[in-house]
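This briefing collects computed features of one model, grouped by topic for a reader who wants to check each of them against the coordinates.

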Amino acid sequence: MHIQWIHLSDFRNFRTLSYSPAAALNVVTGPNAQGKTNLLEALALLLVGRSFRAGKPVDLPRWGTEGATLAGQLCRGDVTREMRRRVGRRQDGGWAVLGEGCAWARAIPFSWQDVGVVAGGPQARRNFLDGFAGKIFPAHLPGLARYRKLLARRNHLLQSGLDQAALQARIEPWDQQMASEGLDVLDRRRRAVAELAAEVARLYPALAGSGAVRLEYESSLDAGISAERFVEELRARRQDEVRRGQTLVGPHRDDVLIEMDGRDMRSFGSRGQQRLMALALRLAEVGPVERAVGSQPVLLLDDALSELDPEVQGNVLRHVEGSGQVFLTTAERRLPARQSAWWVVRGGHVRDLRPQLGQGAA
Ligand SMILES: Nc1ncnc2c1ncn2[C@@H]1O[C@H](COP(=O)(O)OP(=O)(O)O)[C@@H](O)[C@H]1O
Ligand SMILES: [Mg+2]
């Protein structure tokens, strides 16, 4: 799928913008603080209704305005779909992104904060994995939300100071539900890791030149355990749980092992390896998402080439040149990208830098 056009009003530093990108690689260049990342953010918002940046909807309208609107047209095969979204106040006064989504629209964003997926704590890896699982299994995020709600209620109960017998009576029904939702979350995560593992084992060495990569889902709960067993594990930790006031068994405690040439990249990777691994993990999402949805996702790569060796940059470019519609921001004015449209963002305007496709750079 690809975006045919997008129209913005009062979004971030864009007063109004009409932009018709190429269906292939779009290199988005320009000096700092001109709106490159804002443009990618707008594309994500149009596609999936949320930003990849931390922050709230209230940050999105241009300063001093009461709301932003985004309109655009998506295309897959001969089907087109017009989209409209508005960032504004709901009736209760809270800010929200309003508008209907599109079942086959998918965006895969990447920014250097994603290095946290490799170098950061388990939470960052769980979030990454859940985001990916949500793209290929529509049931994943609603199921995860239910699990989290149960977890919060169960933790509340553990902190309530009830005596042992009363706690037992109150908590057992929650345990059953936790186990049932938790096993579904675990199952989808394990399948998601298996998909990613196969892709990234191929991708990382293709980008880096070498490196045997292994991903593995790390859980205190064995693969394929029953709900009864899950409940037993909860029961076995009950004393600890009461003492610490939190649930100590379940997928909210899990992690993903990322190993290269037998070394744990989470702690022993060099910064450069961790960065490239983070990018490879994002690019590894593309194939499985395409197979699950039936069309290619749109790649939003924010400054993905910075701090990579020139050779690796070339490998990344060659890879994304064949990955459907891609947006790649960069401060560089020259890149060895042959088949690409070039755009320059300056002061909230987007200009076609080199109108002829295939003109080549370098
Ligand atoms: N809600 C907003 N309204 C107006 N300007 C904004 C808003 N949010 C951010 N900006 C401005 O957008 C610019 C940053 O754009 P960004 O896309 O991050 O730049 P870059 O081209 O470096 O990626 C900054 O000048 C910032 O002040
Ligand atoms: Mg930026």
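Predicted model: local features only at pLDDT ≥ 70, side-chain atom pairs only at ≥ 80, totals over all residues.

In what follows, a residue is called buried when its relative accessible area is under 20%, exposed when that area is over 50%, and partly exposed in between.

**Ligand 1 and its surroundings**

- The shell around ligand 1 consists of 15 residues, and the closest of these are Ala33, Lys36, Thr37, Asn38 and Pro61.
- Sorted by class, this shell around ligand 1 holds four nonpolar, six polar and five charged residues.
- Backbone atoms approach the ligand at several points: a polar backbone atom of glycine 35 is 3.0 Å from an oxygen atom of ligand 1, and a backbone N or O atom of lysine 36 is 2.9 Å from an oxygen atom of ligand 1.
- For proline 61, a backbone N or O atom lies 2.9 Å from a nitrogen atom of ligand 1.
- Ligand 1 taken alone exposes 580 Å², of which the protein buries 78%.

**Helix 3**

- Helix 3 runs over residues 122-136, which makes 15 residues, and its span of 21 Å from the first C-alpha to the last is close to the 21 Å expected at 1.5 Å a residue.

**Helix 5**

- Arginine 189 is placed in helix 5, which covers residues 164-208, and arginine 189 counts as buried because its relative accessibility is 2%.
- The side chain of glutamate 181 makes a polar contact of 2.8 Å with the side chain of arginine 146.
- When neighbours within four places in sequence are left aside, the contacts of glutamate 181 are Gly143, Arg146, Tyr147 and Leu150.

**Strand 13**

- Alanine 341 is part of strand 13, residues 340-346, and alanine 341 counts as buried because its relative accessibility is 7%.
- Although alanine 341 and proline 21 are 320 residues apart in sequence, their C-alpha atoms are 7.8 Å apart in space.

**Loop residues with positive phi**

- Aspartate 261 has a positive phi, near 45°, and is a residue other than glycine; aspartate 261 sits in the loop between strand 9 (255-260) and strand 10 (263-264).
- At 48% relative accessibility, aspartate 261 counts as partly exposed.
- Aspartate 303, which is not a glycine either, has a positive phi of about 60°, and aspartate 303 is found in the loop that joins strand 11 (298-302) to helix 11 (310-321).
- The relative accessible area of aspartate 303 is 31%, so aspartate 303 is partly exposed.

Key
Residues numbered from 1 in each chain as written. Chains lettered and ligands numbered in written order. Heavy atoms only, no water. Near = heavy atom within 4 Å. Polar contact = N/O pair within 3.5 Å; in protein donor to acceptor, adjacent residues only side chain to side chain. Areas by Shrake-Rupley, 256 points an atom, 1.4 Å probe, with all protein chains shown as cover. Nonpolar A, V, L, I, M, F, W, Y, C, P; charged D, E, K, R; others polar. Helix = DSSP H or I, 4+ residues; strand = E, 2+ residues; numbered from the N terminus. Expected span 1.5 Å × (residues − 1). Buried < 20%, exposed > 50% of the residue type's maximum accessible area, 1.4 Å probe, protein only. Contact = heavy atoms within 4.5 Å.
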